[in-house]
Amino acid sequence: MTTNKETETNAFNNSNNDSDFFVRRCSLKDIEGVIDVNEKELPEDYPYFFYKSILDNFPECFLIALNKNGKIIAYIMWRVEKTPSNDSLRYLNKGHLVSIAVYEKYRRKGIASTLLSNSMFAIKKYKILQYVLEVRVSNYTAIKLYEKLNFKIECIKKNYYRDGENAYFMILNVENS
Ligand code: ACO
Ligand code: ZN
């Protein structure tokens, strides 16, 4: 039997052994599958090089979920941002959730929760103090997901999306996660 070392070492155990999905780190050859999920499930699309640069810079927290047939059914990606502290004397690292999506057919099975918990753990290696994200004010489902993890609405970003919709800026301090 042949084994794929890379896949094995990058695999995450799902909390539920009966789950019909599998989570591991994204690799270069997975980007096309990630783009398929993004284009079907989210209006914000990105060029290939954007995904590649996230993968090059923050590979530990760019995760995908696969179904039993090995098809990519969900992804999550983060980037780390340095922002000046309130006293401007130092820089603080923040983990910024760039994008998460799950194919509609596979929702409400805990896939997003599994992707979030594994990636939020992995991104701690960058010594971040806070997790941050933007979400459409109309995206009830995603807002519920983030609230379940203890994210709080910090402010509204007006006109954040290209179509003019506002975003909630949500934050979670790592110490409260
Ligand atoms: N209604 C209410 N609450 C929901 C719903 C829903 N339809 N779906 C998920 N939730 C909440 C619940 O609290 C749920 O916990 P529970 O099932 O124990 O009640 C919790 O989220 C976790 O649900 P999961 O099964 O882990 O989430 P799922 O795998 O279905 O994925 C997601 C959620 C990613 C929001 C999915 O609906 C999706 O892909 N939506 C389209 C893309 C999208 O909106 N992405 C987020 C954009 S914002 C950004 O990327 C920064
Ligand atoms: Zn953002």
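## Residues around the ligand

The shell around ligand 1 splits into 11 nonpolar, 5 polar and 7 charged residues. Here Ala, Val, Leu, Ile, Met, Phe, Trp, Tyr, Cys and Pro count as nonpolar, Asp, Glu, Lys and Arg as charged, and the others, Gly among them, as polar. The model is predicted: local features need pLDDT of at least 70 and side-chain atom pairs 80 or more, while totals for chains, interfaces and linings use all residues. Residues are numbered from 1 along each chain as its sequence is written, chains are lettered from A and ligands numbered from 1 in written order, and side-chain values use heavy atoms, without hydrogens and water.

In total, 23 residues surround ligand 1, each with a heavy atom within 4 Å of it. Val 102, Arg 108, Ser 113, Asn 139 and Lys 148 are the closest.

## Polar contacts and cover

Polar contacts are pairs of N or O atoms within 3.5 Å. A polar backbone atom of Ile 100 lies 2.8 Å from a nitrogen atom of ligand 1. A backbone N or O atom of Val 102 is 2.8 Å from a ligand oxygen atom. The side chain of Arg 107 places an N or O atom 3.4 Å from an oxygen atom of ligand 1.

On its own, ligand 1 has 980 Å² of accessible area (Shrake-Rupley method, 1.4 Å probe), and the protein covers 81% of that.

## Elements of the shell

Strand 5 (91-102), helix 4 (111-122) and helix 5 (140-148) each give two or more residues to the shell. Helix 5 gives the most, with 7 residues. Helices (H or I, at least four residues) and strands (E, at least two) are DSSP runs, numbered from the N terminus.

Note on methods. Polar contact = N/O pair within 3.5 Å; in protein donor to acceptor, adjacent residues only side chain to side chain.
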